[in-house]
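Student: I have a structure open and would like to learn how to read it. Where do we begin?

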Amino acid sequence: MSEPGRPLRTAVIGGGPGGLYAAALLKRLDPRRAVTVWERNAPDDTFGFGVVLSDETLGGIEHADPVVHAALRRDFVRWNDIDIVHRGVRHTAGGHGFAALGRKRLLEILQNRCRDLGVELRHHREAPDPARLAKTHDLVVAADGAGSGTREAYAHVFRPTVTAHRCRYLWLAADFAFESFRFEIAETEHGVLQLHGYPYAPDASTVIVEMREEVWRAAGFDVLDRQESVDRCAKIFAEALRGRPLRSGRSAWSTFRTVVNDRWSAGNVVLLGDAAHTAHFSIGSGTKLAVEDALALAACLEERPTVDEALTAYEEERRPVVASTQRAARASLEWFENLGLYLDQRPRQFAFNLLTRSRRVTHDNLRLRDAHFTGAVEREFGCPPGTPPMFTPFRLRGLTLRNRVVVSPMDMYSAADGLPGDFHLVHLGARALGGAGLVMTEMVCVSAEGRITPGCAGLYTGRQAEAWRRITDFVHAQAPGTAIGVQLGHSGRKGSTRRMWEGMDEPLPDGNWPLVAASALPYKPGGQTPRQLSRAQLTDLREQFTAAAVRAARAGFDLLELHCAHGYLLSGFLSPLTNLRTDAYGGSLEKRLRFPLEVFDAVRAVWPEERPMTVRISATDWADGGTTAEDAVRIARAFAAHGADAIDVSTGQVVAEERPEYGRSYQTPFADRVRHETGVPVIAVGAISSWDDVNSLILAGRTDLCALGRPHLYDPHWTLHAAAEQGYDGPGAVWPDPYRAGSRRPRTGRTDAPRPRLTLGS
């Protein structure tokens, strides 16, 4: 990387683990480099006590610098168990594998390595202005922490977003070693507190006490000094601490802040570790990410011919890894923020829920780690021997589903004049044969004007009802035990558009029909502006829904879902961004709910009593000023009070300017919250793709049913294949007789070469 005869001058701002390790690696890779580290604090100053590193991170350190790795190994404390203590009951899950050491010792090891390699360490020294360093150095590594001054100096380039969360926490230490990683829950008169504890030395443990802001204030921590806070925490968790005191060091009560940057470099200045990104301590990733950043940065500088190319490669390599970790950390953080929702779960289910909160630990790998613990959770849940959670039955009103898998409603845009044809018979029939407990139609429109596209199916004529009867008869005859549901809806302001593959949400080139909506607002700029519905039109629409529901019952559907999500007509009434009415149907949430509830009541009145009815909602608009998770709970409660048997919890697609936070199972926390705050059964949906995720969500109690769309497009027999891959052959996954010969995974050719039987000397 260095030019001939001219070592690369490198400045590192921040002497934490990430900055020190980056300095050591850069110097080791090219001894000609002049590397200087500025750290305003003393060498042994630290705001934490212990550091946890994964085997993966340690492997990277071992390959990059065996000297550092050997020093770390000598001091590591290792353990395998996690203890969860709740309401006096302790449950232990083993097989996890942790390694930790004291943060001061980690700093000492890295400082010694830097000195040995010739890195200049300047403690008790504020770093010069980063712009000045950028002019006098070839590279400036900003490892100056979550409150990075460098990041703020270059905010116009990095474009940071810093999000403060709801809990207060305090880093503490105890002068004894926990036997395991310990989570303990304390329910007090002021609210819930949690302890996170783990050993980092033979005679010392890190202890973190965390609680919601309102609990922190109610308990009086806001007026206590540091020592009084420490003593109060020790008293609350006296049993976990065996009556021993806590100590605080330099720690103070803090609110965790998630840091995200649009860019990680500005010219020759690059962010590293917490300066670039933060991840909540509950998944133990702060130091881990910083060390991995340092490894990647050093490698990219070694491999690329210029600093610019190296910094680009570094960000491209690390950003996806960091984003994934931050999603997991956010899920974990929010689980603890909402801990109160889960307190009444059965003890083992509570422990399983906690262990799988980040979605990185799942049912399957937890079973591999500790089959005894996972088996006990399954038995407590009610799983018969050898039955995965996803293959347990679930009852909705008079309908018992044989498993927890739902084929999610997916618009096919393949009908002619609203009439479902051979495509729908094959499409829905194949997925019914594929083993799902419930197969849902696409949104079936209640009028021709209520279609999204000319290819949308309907239930506004008798002929359409007869066509649907052909499909339901096939499902009931050829896939007995599989239920088929219909989703009724009206496109509202999102109608009269092209089929998805011709231009999603784009108006038709010709033949457009007039649109109606809660308010006269187009979905997209330049799109058709709908007419605001009058009182008389609302009555007509309600009758269209009831007429469609009567046809749906006659067509033989087992379940009816009312579509109140994704910005379609009924959803448009619920969101404050799309309902600007000033009459009885607009304004407060109660008023915005009025028309959707009137439609629900009218449909429920004509839908057969024994058949269940569900409602799909968008639990957030992913836009400022729109529907919130708190609103979603109130909406779910309202529909449940009117007789909804379950809430299908989706999100978004209400306004074109939405900014969803995509990721694996990204919508399931909304379903989880609705379920636990309302007690209403829920259907979770949204980037659930593996049977392991389904098992995890069901067993943790975060949902009752899981709806999967794209996986069933990829594999119509997804559910049966999930059963085969888990070795399950029971009533929850019945292979059709003609397909039974294929109920085992086909064998594949050998890819391994036979080993030599003998090795002979020369």
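Tutor: We begin with a term: a salt bridge is a side-chain nitrogen of Lys or Arg within 4 Å of a carboxyl oxygen of Asp or Glu. Keep in mind that this is a predicted model.

Student: What is the general idea behind such pairs?

Tutor: Side chains of opposite charge can pair when their charged atoms come close. In this structure, a search of the whole model finds 44 salt bridges. One of them joins the side chains of R166 and E630, with N and O 3.5 Å apart. That pair links distant parts of the chain, 464 residues apart: R166 is in strand β10 (residues 160-174) and E630 is in helix α21 (residues 629-641).

Student: Which other residue forms a salt bridge with E630, at 3.4 Å?

Tutor: R673 does, with its closest N atom 3.4 Å from an O atom of E630. R673 lies in helix α22 (residues 668-678) and E630 in helix α21, so this pair ties together parts that are 43 residues apart in sequence. R673 is buried because its relative accessible area is 15%. Salt bridges that share partners join R166, E630, R673 and E677 into one network.

Student: Where can I find a salt bridge with both residues buried?

Tutor: Look at R182 and E184, whose closest N and O atoms are 2.8 Å apart. Both residues are buried.

Student: Now the nonpolar residues. What do they tend to do in general?

Tutor: In soluble globular proteins, nonpolar side chains tend to be buried together. Here the largest nonpolar core has 131 residues, and L459 and F639 touch the most other members. Another core, of 64 residues, lies apart from it, and its members include A23, A24, L72 and V140.

Student: Which residues does F639 touch?

Tutor: Leaving out residues up to four places away in sequence, F639 touches C564, L593, P596, L597, F600, V615, A644 and I647.

Student: Where is there a nonpolar patch on the surface?

Tutor: M500, W501 and M504 form one, with about 360 Å² of accessible area together. M504 is in the loop between α17 (500-503) and β22 (516-517).

Student: How do I read the surroundings of one residue, for example H363?

Tutor: Find its element, then its accessibility, then its contacts. H363 is in helix α13 (residues 363-369). Its relative accessible area is 0%, so H363 is buried. Setting aside neighbours within four places in sequence, H363 is in contact with F352, T374, E378, P389, D692, N695, S696 and L699.

Student: N695 is in that list. Which residues does N695 touch?

Tutor: N695 belongs to helix α23 (residues 691-700), and it is buried, with a relative accessible area of 0%. Beyond residues up to four places away in sequence, N695 touches H363, P388, P389, M390 and Q726.

Student: Is G727 buried or exposed?

Tutor: G727 counts as exposed because its relative accessibility is 64%. G727 is in the segment after α25 (718-725). Its C-alpha atom is separated by 33 Å from that of L560, which is 167 residues away along the chain.

Notes. Residues numbered from 1 in each chain as written. Predicted model: local features only at pLDDT ≥ 70, side-chain atom pairs only at ≥ 80, totals over all residues. Heavy atoms only, no water. Patch = residues over 30% accessible without salt bridge, like charges linked within 9 Å, V, L, I, M, F, W, Y side chains within 5 Å. Areas by Shrake-Rupley, 256 points an atom, 1.4 Å probe, with all protein chains shown as cover. Helix = DSSP H or I, 4+ residues; strand = E, 2+ residues; numbered from the N terminus. Core = buried A, V, L, I, M, F, W, Y, C linked by side-chain atoms within 4.5 Å. Buried < 20%, exposed > 50% of the residue type's maximum accessible area, 1.4 Å probe, protein only. Contact = heavy atoms within 4.5 Å.
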